[in-house]
Amino acid sequence: MLLNTDLRLALLNPWQRDFPLVREPFAHIAASLGMPADEVLAGYARLQSDGALSRIGGVFAGNAGGAALLAAMAVPPERLDAVAAVVSSHLGVNHNYQREHHYNLWFVMTGQDDAAVRAAMRALEEATGLPALQLRMQRAYHIDLGFDLRGSTAPAPMAAAREATPVLDADRPLAALLEDGVPLVPRPYDAWAQALGRTPESVLHTLQQWLDQGTVRRIGAIVRHHELGFDANAMTVFNIPDAEVDTCGEALARVTGVTLAYRRERAEGWPYNLYCMVHGRDRAAVRDVIARAIAEAGLAQYSHEVLFSCRRFKQTGPRRFRALPEAAAPSAATPEVLDAVAG
């Protein structure tokens, strides 16, 4: 029997991508580890309950369907907890972090289309009384957090983002299930097939087709890096001339240790259009990667800022294919929280 720490790594690290597309995927993983399938299922359930595993699911390409944008608010420090609670209560918000900056609350709003995302943002601005930077992605150079968990930062360059084929309308119900996560049962694809009125073979064929077409970047374990020791994470933003940003972004994406790289819209009072993330176990390792990235990608002459994450309020899966309930938020916040926001 593997030790607990070894088992955690064995269940997560190699299965962040290429999760088995077979009728009994957990039995397949169990066979590779030489252990019973029920122990593998119990292991994944324990990882979820401990918070290290968000879900086993799919990471969709940016243009696969739905909509999302990065948003930021400059929140007075005395109101930060209350405002963050209102933002986190919105089911369309999947990431919500405090960062070390004047714009100190950063979150991602997702929805089934641009209108839903814009409406949700208006609702949050009205509920909090605070304007938000709304920074839509224009191009992903790479965006995939499935990196080897054994180092202090990502140990190899991440794969470049591919052009993707959008999800067909007929397949959106399956996309919603994959977004939500694979159920921890012996035959999860059979369960999906039954729910959708399809055959398991049809479900598996569509999932493989999405991978082949770049619609889904990977299917596998979606981990929470903070729980696995990667809690010194920083977003670096650059102000790059528009004619040069793609060349710079492509170079940035090739740097070892950079986990995300993408171009976003500028906003009033926010001149930055090129972003990268570095995930690491300590600040020194992260700063080393950022310095090397600036040098290797030729970015030293451009203005930039480094925003370390200092508190996580929410981290969950996006809702680009799953409808939001009526009045999903901010009414989900308690009256006490709303009073604090208003105050």
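Modeller: Happy to. Asp 114 and Arg 118 form a salt bridge through their side chains, at 3.8 Å from N to O; the term covers a side-chain nitrogen of Lys or Arg within 4 Å of a carboxyl oxygen of Asp or Glu. Asp 114 and Arg 118 lie four residues apart in helix α5 (residues 114–128), so about one helical turn separates them. Helices here are DSSP runs of H or I with at least four residues, strands are runs of E with at least two, and numbering starts at the N terminus. Asp 114 is partly exposed, at 36% relative accessible area, and Arg 118 is partly exposed at 27%. On this scale, buried means under 20%, exposed means over 50%, and partly exposed is in between, using a 1.4 Å probe and protein chains only.

Please keep in mind that this is a predicted model, in which local features need pLDDT of at least 70 and side-chain atom pairs count only at pLDDT 80 or more, while totals for chains, interfaces and linings use all residues. Residues are numbered from 1 along each chain as its sequence is written, and side-chain values use heavy atoms, with hydrogens and water left out.

The structure holds 18 salt bridges. In another of these, Asp 190 meets Arg 187, with the closest N and O atoms 3.5 Å apart. Here Asp 190 counts as buried, at 18% relative accessibility, whereas Arg 187 is partly exposed at 36%.

Next come Arg 266 and Asp 242, whose side chains form a salt bridge at 2.7 Å, N to O. This pair links distant parts of the chain, 24 residues apart: Arg 266 sits in the loop between β9 (258–264) and β10 (274–278), and Asp 242 in the loop between β8 (234–238) and α9 (245–253). Arg 266 is partly exposed at 32% relative accessibility, and Asp 242 is partly exposed at 47%. Through salt bridges with shared partners, Arg 139, Asp 242, Asp 246, Glu 250, Arg 263 and Arg 266 join into one network.

For a setting in the interior, look at strand β1 (residues 53–60): eight of its eight residues are buried, so the rest of the structure largely encloses it. Strand β1 runs antiparallel to strand β7 (residues 216–223), with seven bridges joining them; two strands pair if DSSP finds at least two bridges between them. Within this pairing, Gly 57 has Gly 220 of β7 as its bridge partner.

Asn 104 is worth a visit too, in the loop between β3 (93–99) and β4 (105–111). Asn 104 counts as buried at 8% relative accessibility. Beyond its neighbours within four places in sequence, Asn 104 has contacts that include Met 73, Leu 80 and Tyr 97, where contact means heavy atoms within 4.5 Å.

Finally, Asp 18 lies in the loop between α1 and α2 (25–33). Asp 18 is exposed, with a relative accessible area of 63%. Although not a glycine, Asp 18 has a positive phi of about 60°. For comparison, most residues other than glycine have a negative phi.
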